[in-house]
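This report concerns the overall makeup of one protein, its nonpolar cores and one set of paired strands. The sequence and structure come first.

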Amino acid sequence: MGGAHSREGLELSDSESEAEEEEEYEEEENPQKEEHYIPSSAERSRGKTLTPTTLDEVDEKLKSLKLKYSRPSPSSAQNPKAKNVVKLYLHIGGNSPNARWITSEKLASYSFFKSSRPDAADDSDGDDQNPSSPWFLKIGSKVRAKVGPDLQLKSFPDQRRVDFVADGVWALKFSTPEGYREFQNEYQNCLFENTYGFEATDDNKIRVFGNDFMAWARPDVADDSIWEDAEESFEKSPGLRLPSRPSQDLLEEFEEEANGDGIQSLALGALDNSFLVSDSGIQVVRNFSHGVHGKGVSVKFSNNGNRAGGYSTPKKALLMRAETNMMLMSPGQQGRPHSTGVHQLDIETGKVVTEWRFDKDGTDITMRDITNDNKGSQLDPSESTFLGLDDNRLCRWDMRDRRGMVQNIANSMESPVLQWTQGHQFSRGTNFQCFATTGDGSIVVGSLDGKIRLYSKSSMRMAKTAFPGLGSPITHVDVTYDGKWILGTTDMYLILICTIFKDKDGKEKTGFSGRMGNRIAAPRLLKLTPLDSHLAGKNNKFHRGQFSWVTEHGKQERHLVASVGKFSVIWNFQQVKNSNHECYQNQEGLKSCYCYKIVPKDESIVDSRFMHEKFALSDSPEAPLVVATPMKVSSFSISNRR
C-alpha cells in the first residue's frame, strides 16, 4: 500500500555496469540473438575456410557470427551534440525488490513525426507525411507512440528527465537544459494539435478555450491566488499524512467474500445498511464504524410489478426515501447505456413494486443516468423526485401525478409514467455523460467533449458556467457539498476545478450562482506516475473519482478516491489544494499532483467509496473506505497513528 514515490524514486545511473546490465537484459529477453557461429569439425579440419580471401567472404562470415554492436541513429551519428540526442532508460522488475532502471540506448535521438497514413505509427518522417495524421514520438529503435494522454508523461526538470509509458515504462535523460526545454515545447505543441486538431498558436488557444479560460491554456502565467484564497477560507483539515516510508501501514483491512454472482455496483447508505448489486440480486451489508460486514441477507430480483418481464443487471442503484427504497436502472439492448425506465425496489420486502417509464409529452424517452436531488436527499423519507440525464436532456422526474398525489400503482394496468416536472431537451451537441448534485441541489454535468457545465437548482436550460474540455471525455463527475470544488474523471487523469470567484462587489460566489468572468483559476490534475499507471493493469483507466461524503453545511471533504485497474488511489484533499505542495514545484503546464496512497487488490476494482462522515472514529481523519471487487468487499480504516 505504498505511496506514489515508493517505486519511481530510483536514480538513473550512469555507471560503467550499465552496458553489462543491458546485455544481460537483452539475453533474457532475446536469447535467440546470442546464437554464435560454431564451425563444424570438417571446417575445423580445413583451416582455409576460416581465412576468407575476399571482402565478400569476410562480410558473409561476419554476418554469420551475428555480432552485437551499438547502432546509433543516423542523426545522432552525424551530430552527437544535437539537441535531440538523449539517453533512453527502461524500467524492469515492476514493483519487485529487484526493480531498477537499465540503459536501453546510450545514444539515441528522438523526433516527432506524422505518418504517411492516418493513425499508423510507421517510420514516415519525411516529405510524404500526411497532414491529417496525428503526431507520433519516435525514440531510437525502441519507441514509437502516438502523442497523447496515454503516454502519461511526467517531467523532472531538475533532472532533465521525462518518464512515460509505451508498452513499458521509459525514461529520457537530456544532456542539456536546452535540449530538455526543446523537447517539452515540441511535445506540448504536438499534444495540443493531436487533442484539438489545430496548431498550437495563440489564436487557436483562444479559439479552443476562450478569453476567460486562458489560464487553462497558459498555466505558467496563471494566477494561483484563487486557490490560495479558497484554501484559507476553509478550516484546515488534519487529513491523512502520507507516509514517508512505504512500509508504514495506515490502513487496517476488513474483508469478506460476496454472496452469489459477481458484484456489479455499490450503493452506500448513510444509515444502517449498504448494498452490493450483483447479477442475481442485492446483498445487504451492515454499516459499522470500521467498515461494512455482511448481514447474511440477500434480496433476489423479483418480477413482481414488472410487466415487461426480466431485466439485465442494473448499472445504477439509487437509494431513496430514507434508504427504504432503491431505484434500479438497467442498460438498454445491445449494450447501450440508455434505459427506458427504472424499477422501484422495496428493500424491506425485497420486491420490485413497479416499473416506471420515462415519458415526455406522451412519448417514451431514454435516460443515461439518474441521481438524487441533492447530496443528502436519500435520507428524506418523503422524497418523491430525482434527476435524470440523457445525451441531450437534463430533467427532474416526479413519482407523483400532476396533482401532487402519489400514483396508485396497485390499480394501474400498465407501467406508471414518471412526470417530467422540470428540465430541458437540448437540440443537439451537448453529449452529456454524467452528473452530480451539491448540498443545495445545484447540478454539475460532464460531457463527451470534456466540458463541465454548472446549472443552478432553479434552471436547467442555461448553464451558469461552462468549463472547457482538456480533450478527454468526462466519464464521471462529483462535487463537494458546498459546490466549491468539482472532480471530473477521465480515463487517464482526474481534473480538480475550483468554482469560487468574487463578483464586482467583492462577494464570494461559486460558478453555480453566477458567471465567473475571466478570473478563473487553472485546474489541477491528479495523476498516477508512469510506473504505477503501468502496474495498475491492462485496463488501467480511472473511473468514479469521488470526494469523501459529507451532508452538513460547514463540513469539508478531506479526501478524494478513484479506482484504476487493481488500484484504489487516495489523495489528501488539503494537500492537493495547497499551492506550495512539493509536487507543483518547477512543473510545466497544468499542475499535477502525484502524491497519493495506493490500496492494491488482486482483481480489478468495481468501485471505491468513503462511507458517510458519521462513521469516522474519533482517532481517524476519515470514515472507512469501502472497496468492492467482483468477488469481495473490503473496508479500510484510516488511522492517525504513525
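The sections below treat the overall makeup, the cores and the strand pairing in turn.

## Overall makeup

The model is predicted. The protein has 642 residues, and 53% of them count as buried. It holds ten helices and 39 strands. Among contacts with a separation of 6 or more, 58% are accounted for by residues 24 or more positions apart. The accessible surface amounts to about 29800 Å², with 46% of that belonging to carbon and sulfur atoms.

## Nonpolar cores

The largest nonpolar core comprises 29 residues, and W216, V444, I452, F467, L470, I486 and I495 touch the most other members. Two or more residues each come from α7 (214–217), β22 (432–437), β24 (452–455), β26 (476–479) and β28 (494–498). The largest share, four residues, is that of α7. A second, separate core has 28 residues, including F547, F567, F573 and Y594.

Apart from its neighbours within four places in sequence, I495 contacts W216, L470, I474, I486, L487, G488, P523, R524 and L525.

## Strands β37, β38 and β39

Strand β38 (residues 625–628) is antiparallel to β37 (residues 607–610), and four bridges join the two. In this pairing, V627 of β38 stands opposite S608. Four bridges also join β38 to β39 (residues 632–638), again in antiparallel fashion, and L625 stands opposite F636 in β39. The hairpin between β38 and β39 passes through three residues.

In a regular strand, side chains alternate between the two faces of the sheet. From β38, L625 and V627 point one way while V626 and A628 point the other way, and all are buried.

Definitions and conventions
Residues numbered from 1 in each chain as written. Predicted model: local features only at pLDDT ≥ 70, side-chain atom pairs only at ≥ 80, totals over all residues. Heavy atoms only, no water. Core = buried A, V, L, I, M, F, W, Y, C linked by side-chain atoms within 4.5 Å. Buried < 20%, exposed > 50% of the residue type's maximum accessible area, 1.4 Å probe, protein only. Contact = heavy atoms within 4.5 Å. Areas by Shrake-Rupley, 256 points an atom, 1.4 Å probe, with all protein chains shown as cover. Pairing = 2+ DSSP bridges.
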